[in-house]
Amino acid sequence: MKKLTKMLTIKILFTVIFTSLLFSCSSGKIANDNSYEIINSLTKSVGNKKTKIYYKTTSSRYDGVPIANFLNRSTTQFDLCAPSFDRNDAKLTENEINILKEKFKGVYSKKFDFSKIKNRSAFTNNKNDRTARISEPVKFRNDQFAIYYTEGRYGGEFTLLRKEKTEWEKVCSSMVWIE
């Protein structure tokens, strides 16, 4: 009788834990609509490019090192190549870099929700030399700027974006590593 009660208790406990895990876990997809606003701006003009975006975001470099570890003054030198507007706007402060590091620590690999993607042809589920992996974009400066990480076969970079009316425009990219 004791053994039967113990087994029943274990089954009930297992069922409760499993059910709570099932309902507490996210779908593993990007839920933030603001991210899709940026992604759709980025892929709007992709067209027939040979490089495709991998169907899952990335949160680490190819060797497993978290992206946040690479945010520093030398990998965010956007002011060096920002001809379209005041270079001072493209310069990140030390405080902004630290804030972005913290935000990128909360980014992890997720699948894109293709019901929210306008240009699905820009994506692929195959990894090869022509596949780029991108992180989920992180907004800052009152949501007027965003940064994301891109990685391909031969290098990785951070890209700074600025919101222009309803679209996100690329300001500049800054190399993190190159092979």
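Start with strand β5, residues 145-152, which is mostly covered: seven of its eight residues are buried. Buried here means under 20% relative accessible area, with exposed over 50% and partly exposed in between, using a 1.4 Å probe on protein chains only. Strands are DSSP runs of E, at least two residues, numbered from the N terminus.

On the sourcing: this is a predicted model, where local features need pLDDT of at least 70, side-chain atom pairs count only at pLDDT 80 or more, and totals for chains, interfaces and linings use all residues. Residues are numbered from 1 along each chain as its sequence is written, and side-chain values use heavy atoms, leaving out hydrogens and water.

Now the partners of β5. Two strands pair if DSSP finds at least two bridges between them. Strand β3, residues 131-134, pairs with β5 antiparallel over two bridges, and arginine 133 sits opposite glutamate 151. Strand β4, residues 138-140, is also antiparallel to β5, with three bridges; there valine 138 faces isoleucine 147. The β4-β5 hairpin has four residues between the strands, and arginine 141 in that hairpin takes a positive phi near 50°.

Strand β6, residues 155-164, pairs with β5 antiparallel over eight bridges, in a hairpin with two residues between the strands. Alanine 146 has leucine 161 as its bridge partner in β6.

Last, leucine 160, also in β6. Why does leucine 160 count as buried? Because its relative accessibility is 0%. Its contacts, meaning heavy atoms within 4.5 Å, include Phe140, Phe145, Ala146 and Cys172, not counting residues up to four places away in sequence. Leucine 160 and cysteine 172 are 12 residues apart in sequence and 5.5 Å apart C-alpha to C-alpha.
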